[in-house]
Amino acid sequence: MAASSVFLAALLVALQLLHVAHGEIKTTPIASDSRPVILFEEFGFKPGGVAEVSVSGVSWSVPERSQLQAVDPGLMGFMLISNTLFFKITNESEYAEETGAAFCPLTSEYVMPLFRLKDVGPDGKGRGSVTIPAADQYTVLFSSCQDGVEVTMDVRTEMYNLVGGNGRDYLPVGLLPLPGIFAVASAVYFAFLAAWVFVCVRQRATAERIHAVMGALLLFKALKLACAAEDSCYVERTGTAHGWDVAFYVFGFFKGILLFTVIVLIGTGWSFLKPYLQVRTRSCTI
């Protein structure tokens, strides 16, 4: 059927656009969205991990141009799918299309249902959770098996692995080494910066301004990596970055500006051929 084709196409496109998430606790607003499949989060679970989804302000409407007479909230809901089983759901959709049968991914045996919109309370709030039976990469999706229904809601996703019984680890399994990697890389760049400052001080007679710019480039690179380490560390423990992501992007911006400046100055021969720029070169650089 046409619905099966729409679901298959939407699922394939969504998978192509899906990025590797950082396991943060996220709130995503959805406004008048009629897509048959909406992907929210991907996470690497260990056995016993937990996926929780809660919604608020849930409402739906049917556009005037739609031929749908009534909305069945039981045909809209959230589910969790193992990435290794996506192909089986795709096969179900293709088989349903070939045989002319209706297909709704919410009824597939390969998904783990969280809750459907029929379970949402009168206040427009709902919640569902599921415990992961086997380690794998899982994806949280919202599926609507009714063409043209526009859904509005605020969706909060929270996914974590259990550590030590009651502890929560909000980083996916594949990203657990990130805090240590970023911390070591930051320390290496700070060591490079210290060595660079030491050399420039000893050779101050021949040092130029560009050498100070290079030192600033190392500094901002080291600070960017330090913020990345703190960001991933806070996400691992609390599920949110607590502002370290903002600092990461700020230092990354200045690092990019300085890197471009150093490349331009070296390319124009500032540090190797002459300690100043000619008028024409200066005009081109500016």
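Predicted model: local features only at pLDDT ≥ 70, side-chain atom pairs only at ≥ 80, totals over all residues.
## Disulfide

The structure contains 1 disulfide. Its partners are cysteine 104 and cysteine 145, with an S to S distance of 1.9 Å. Cysteine 104 sits in the loop between helix H2 (86-99) and strand E5 (111-116), and cysteine 145 in the loop between strand E7 (136-144) and strand E8 (150-163), so the bond ties together parts that are 41 residues apart in sequence. A disulfide is a covalent bond between the sulfur atoms of two cysteines.

The torsion about the S-S bond of cysteine 104 and cysteine 145 is about 75 degrees, so this disulfide is right-handed. Cysteine 104 has a relative accessible area of 11% and is therefore buried, the cut-off for that class being under 20%. Cysteine 227 is buried too, at 4% relative accessibility.

Lysine 26 belongs to strand E1 (residues 26-33) and glutamate 41 to strand E2 (residues 37-45), so the pair ties together parts that are 15 residues apart in sequence. Lysine 26 is partly exposed at 24% relative accessibility, whereas glutamate 41 is buried at 2%.

Another salt bridge links glutamate 52 with arginine 127, where the closest N and O atoms are 3.4 Å apart. Here the elements involved are strand E3 (residues 50-61), which holds glutamate 52, and strand E6 (residues 126-131), which holds arginine 127; the pair therefore ties together parts that are 75 residues apart in sequence. Glutamate 52 is buried, with a relative accessible area of 13%. Arginine 127, by contrast, reaches 54% relative accessibility and counts as exposed.

## A salt-bridge network

Arginine 156 and glutamate 158 also form a salt bridge through their side chains, at 2.9 Å from N to O. Through shared partners, salt bridges join Arg156, Glu158 and Arg168 into one network.

## Serine 143

Serine 143 lies in strand E7. Its relative accessibility is 1%, so serine 143 counts as buried.

With neighbours within four places in sequence left aside, serine 143 is in contact with Pro36, Leu75, Met76, Gly77, Met79, Pro105 and Leu106.

## Nonpolar cores

The largest nonpolar core comprises 27 residues. Inside this core, the residues with the most contacts are Phe40, Val55, Phe78, Leu80, Phe142, Met153 and Val155. At least two residues of the core come from each of E2, E3, strand E4 (76-82), E5, E7 and E8.

What is methionine 153 in contact with, leaving aside its neighbours within four places in sequence? Its contacts are Thr28, Pro29, Ile30, Val55, Ser56, Gly57, Val58, Phe78 and Phe142. Of these, Val55, Phe78 and Phe142 are also named, with Met153 itself, among the residues with the most contacts inside the largest core.

Technical notes
Residues numbered from 1 in each chain as written. Heavy atoms only, no water. Disulfide = S-S within 2.5 Å. Helix = DSSP H or I, 4+ residues; strand = E, 2+ residues; numbered from the N terminus. Buried < 20%, exposed > 50% of the residue type's maximum accessible area, 1.4 Å probe, protein only. Salt bridge = Lys/Arg side-chain N within 4 Å of Asp/Glu carboxyl O. Contact = heavy atoms within 4.5 Å. Core = buried A, V, L, I, M, F, W, Y, C linked by side-chain atoms within 4.5 Å.
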